[in-house]
Amino acid sequence: MNVELKNIHKHFGTVYANKGINLNIPAGTIQGILGENGAGKSTLMKILSGFIQADPGGEIILDGSPVIIHSPADAIHDGIGMLHQDPLDFPPMRILDNFLLGQSGGLFPNRNAVALDFKRLADQFDFSLDPDSYVDALTVGERQQLEIIRLLWMGARVLILDEPTTGISSLQKAKLFATLKILAEQGKTIIFVSHKLEDVEHLCHQVAVLRAGEMVGETRTPYVTSKLVEMMFGKAITLGARQPGEAGDVVISMKDISLEDVRLRIKNVNLDIRAGEVIGLAGMEGSGQGMFIRACAGLVRPVGGRIQLKGQDLTGKTYHTFKRAGVNFLPAARLEEGLVPGLSLTDHFVLAEEPKGLFIDHAAGQKLAEERIRSFNIRGAPHSPVESLSGGNQQRAELALLQSPLSLVLLEHPTRGLDIESVIYIWSKLKERCKQGASIIFISSDLEEVLQYSDRVLVFFSGKVSEPLDAGRTTVEELGQLIGGKGWADMGEAHD
Amino acid sequence: MSQETIIIGLAGVLASASPLIFAVIGETLSERAGVINLSMNGTILLSAMGGFAVAYNTDNIILGFLAGMLIGALVALIVAFASITLQQSQVAVGFVLALTCRDLAYFLGNDYMGVPGPRLQAAPIPVLGDIPILGPLFFRHDVITYISFIAIFLAWLWIFRTRPGLMLQGIGEKPAAAYIRGANVNLMRYVYTIVGGALIGLTGPAFSLATRAGWMGTISGLDGFGWIALSITIFGGWNPVRGAFGAYLFAFLQWLGLVLQPVLTQVPSQVLQVAPFPLMILTLLLVNIGNAEWVERTLAAMPESARKIFSKILRAMRASPPAALGVPFEPD
């Protein structure tokens, strides 16, 4: 289906989220929408998918005829389906029920017939989804697959994907891209919204770049990366060379650490981490790295082995003991586990301070907040509730909350969903910590990030843990193979 | 005890649980849509009194039941309006309504205290009622008990087997996802809260016109059933069939207390009267044991084959509340 957007404006209060956007996407095209966080990509897609309405004056034209889209249900009726960044599905329900939900028809759905349809569609794209299993047992990538075939089944001819490669493994990403290419060949229109240059370059036929609500440029393959970056940020940005840390004394030492939960067992990990060192943990989601980092934080109790921090034995101690010893953990779910929605930035900074007396010194809190907001370059006011901040600013706020001094910083997906400018900023702040003698352990599904910022890398594969790899002498390809379970035999000395 | 006594006793258990079943199903529908109707305890008392009064004055039992349902629906409408339209706390509104309706029932029902009134008669079903054991157990009840049997089945069928029922689950689980699938979330919440309220309102007359006929004011012994029904709804995992079993279990424990009283003379009768409550809690905890972390750990240590069987059983028993329970929804 041909999609045409004409003169789309959208304002919230006095701020324009979209300003006069024009876009023409012929059927069978994979259109990339590129822009940093807050550039207005999501607003534009919400308008197209019926979540919000554009200001009067704009037009959406499908296959030559103008349409008015009042709701997401209208949109899918017109053939526009959207895949949201957080899958809008029902985790405690079965896959088949998720698939069925929202389909019109008689009172009693014919489950067997629908299950056949489901299988046929899933097979077409080589998805292995069991219609009888529950959605909460699926990975984010599999939930996307479910949503894609559901939208196709509902008759979607335009598929919008909002940051679909965030939080999925590289294998799933490859499969997703293959699926999108098949769909484009079938004449479907694909709109791929992302802030990840490499994904867009790899997949899209043409790219539109948004900045501060405006369309700043359109380009087709072949792309020039530096051009795209300049369009996105209005200036050139590079990652810079790797900066290996200078290792000091051993900070944390793990001897024969064994961990287990319902699904996984990790056996006998031995690791010494020195001051200033950055350790990256790579692996598919759920391969054991989450459990490992939580064991380092004192949130998961090892079933065997010893953990020492600067000579102090912390084996079996609680999270609070770890924290007092200078270990801080920033989990992936920023709003669920890291910050307190409803509290302002000032409240957070005051809470994180050592309490002095019963009552809050508001003036001091305000001053502290202003100071931190400035030094961490947070876009927000002291009284802004944290949930109103963008992802990048939430992450900066979390960094600003880290106690000082620190021995060990544990980070789970520290830059997930952030644009490259925020990524660089956050890592510069983290590297400052390293210079002050802190060590860092972080999980990331972005292999380039792992290699760029780590000194050593541990790869996790279904509970197996590799020997530490020197990040300077490992390539993305090698890492990808190990994550996928290949090449473990050659390592010889890998832990079982 | 003779076999006959036991059968009659168990038949009595089925009948005396029927009012609770309406309340549990009504609350289940409401909470499945995401609205907690905490007014239940007061609604039951007010509808018991109101239903009785209407039936007494009109000499028409059916009107009495309808009046009860109307009262339940009206109270539910207040809950729905306050929580969906005004986006106020469902807990606060429901709780105040629970207290208000209870006191209102005592106050307005003064004139009907101890008045002999109409009572629903047993209506044995021909042929079926003559089957040995099953006949007296299931087919010699009054109409409202039969309706309670049917209601359990219909509610289960609706929630788990029909398209609108599937959408109902979705609305309570993730309203935003239901919304993109075409549901008018807030309208549906109104509908289910009011229908659920009408069912809760059926509980009152099911007491005052059938199982515990008459209105006795504060000594009617109906105060507290609403809270029991609320906990049965929760422990029943928002499933009408499991909820019904909870209601039967509670009625059974109460009956057991009565039966055992003459046998266990050394136990104070108060103990036997109160025992159903803690026993109920214990049983319900056991049913939901799969949620506990130590159970998961024990499971992990089991050999593969045993683990599979146990985790299947636990998964089937496990219940989590509708994720959006009590959370207002606004489309973007």
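## Helix packing, sheet and chain contact in a predicted model

The crossing of H2(B) and H3(B) is right-handed; a crossing is called left-handed if the near helix is turned anticlockwise from the far one by less than a right angle, and right-handed if clockwise. Helices (H or I, at least four residues) and strands (E, at least two) are DSSP runs, numbered from the N terminus. This is a predicted model, in which local features need pLDDT of at least 70 and side-chain atom pairs count only at pLDDT 80 or more, while totals for chains, interfaces and linings use all residues. Residues are numbered from 1 along each chain as its sequence is written, and chains are lettered from A and ligands numbered from 1 in the order in which they are written.

Helix H2 (residues 40-58) and helix H3 (residues 61-85) of chain B pack at about 150°, their axes 7 Å apart. Axes are lines fitted to C-alpha atoms, for helices over the stretch in contact, and angles run from 0 to 180 degrees between N-to-C directions. Residues making the contact include B:Gly50 and B:Gly51 of H2(B) and B:Gly64 and B:Gly68 of H3(B). Two residues are in contact if their C-beta atoms, placed from the backbone, lie within 7 Å.

Between the chains, 21 residues of chain A are in contact with 20 residues of chain B. Helix H2 (72-77) and helix H3 (95-100) of chain A are the elements that give two or more residues to the chain A side.

Chain A also has an open sheet of 6 strands in the order S6-S7-S8-S3-S9-S10, with mixed pairing. Two strands pair if DSSP finds at least two bridges between them. Strand S6 (80-83) and strand S10 (214-220) of chain A each have a single partner strand, so one side of each is left without a neighbour in the sheet. S6(A) runs parallel to strand S7 (residues 158-162) of chain A, joined by 4 bridges; A:Ile160 in S7(A) is the bridge partner of A:Met82.

The mean pLDDT (the predictor's confidence in each residue, from 0 to 100) of chain A is 87. S7(A) has the highest mean among the elements of chain A, 95.
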